[in-house]
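Dear colleague,

Please find below the structure that I am handing over to you. A summary of the findings follows it, and I would be grateful if you read the two side by side.

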Amino acid sequence: MAHVFAASDSVITHGGHRVRLVLGETWDADDEFVKARPELFRDTPPIARRLTGRGVVIEHRIEDATARPG
């Protein structure tokens, strides 16, 4: 089963229901809502986390990391 990731935090109305999206949240790629609103999702998670030597978790947006040279 393939998955996609919410591209932002948002609340969308779909089929008379409110759907809350949380940045990076995993959704089934075959879901009816995902197919109806593919612009709200991406194939890769939008946030990457890493642990520093002092045990601190650092988050960064993946598009920020890939936009920089090197």
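**Findings**

The protein chain has two helices and seven strands, where helices (H or I, at least four residues) and strands (E, at least two) are DSSP runs numbered from the N terminus. Along the sequence they follow the pattern β-β-β-β-α-β-β-β-α.

Please note that this is a predicted model, in which local features need pLDDT of at least 70 and side-chain atom pairs count only at pLDDT 80 or more, while totals for chains, interfaces and linings use all residues. Residues are numbered from 1 along each chain as its sequence is written, and side-chain values use heavy atoms, with hydrogens and water left out.

Of the 70 residues in the protein chain, 23% are buried; buried means under 20% relative accessible area, exposed over 50%, and partly exposed in between (1.4 Å probe, protein chains only). The chain exposes about 5,200 Å², and carbon and sulfur atoms supply 51% of that area, as computed by the Shrake-Rupley method with a 1.4 Å probe; for residues, only the protein chains shown count as cover. Among contacts (heavy atoms within 4.5 Å) with a separation of 6 or more, 29% involve residues 24 or more positions apart.

Three strands form an open sheet in the order β4-β1-β5, with antiparallel pairing; two strands pair if DSSP finds at least two bridges between them. The edge strands are β4 (26–28) and β5, each of which pairs on one side only. Strands β1 and β4 run antiparallel and are joined by three bridges, and Phe 5 stands opposite Thr 26 in β4.

The largest nonpolar core comprises eleven residues: Val 4, Ala 6, Ile 12, Val 19, Leu 21, Trp 27, Ala 29, Phe 33, Val 34, Leu 40 and Phe 41. At least two residues of this core come from each of β1 (3–6), β3 (17–21) and α1 (32–36). By definition, such a core is a set of buried Ala, Val, Leu, Ile, Met, Phe, Trp, Tyr and Cys residues joined through side-chain atoms within 4.5 Å.

Phe 33 counts as buried at 3% relative accessibility. Leaving aside neighbours within four places in sequence, Phe 33 is in contact with Ile 12, His 14, Val 19, Leu 21, Trp 27, Leu 40 and Phe 41.

The whole structure contains three aromatic pairs. The ring centres of Trp 27 and Phe 33 lie 5.5 Å apart with their planes at 45°, so this pair is tilted. The rings of Phe, Tyr and Trp (its six-membered ring) pair if their centres lie within 6.5 Å, planes under 30 degrees apart counting as stacked, over 60 as edge-to-face and the rest as tilted. Trp 27, Phe 33 and Phe 41 form one aromatic cluster, and Trp 27 is buried at 17% relative accessibility.

One salt bridge was found in the whole structure, the criterion being a side-chain nitrogen of Lys or Arg within 4 Å of a carboxyl oxygen of Asp or Glu. This salt bridge joins the side chains of Arg 37 and Glu 39 (2.6 Å, N to O). Arg 37 is partly exposed, at 28% relative accessibility.

Thr 44, in the loop between β5 (41–42) and β6 (47–51), is partly exposed at 40%. Thr 44 and His 3 are 41 residues apart in sequence and 9.0 Å apart in space, C-alpha to C-alpha. Val 56 is in the loop between β6 and β7 (57–61) and is partly exposed at 44%. Not counting residues up to four places away in sequence, Val 56 touches Arg 50 and Leu 51.

With kind regards
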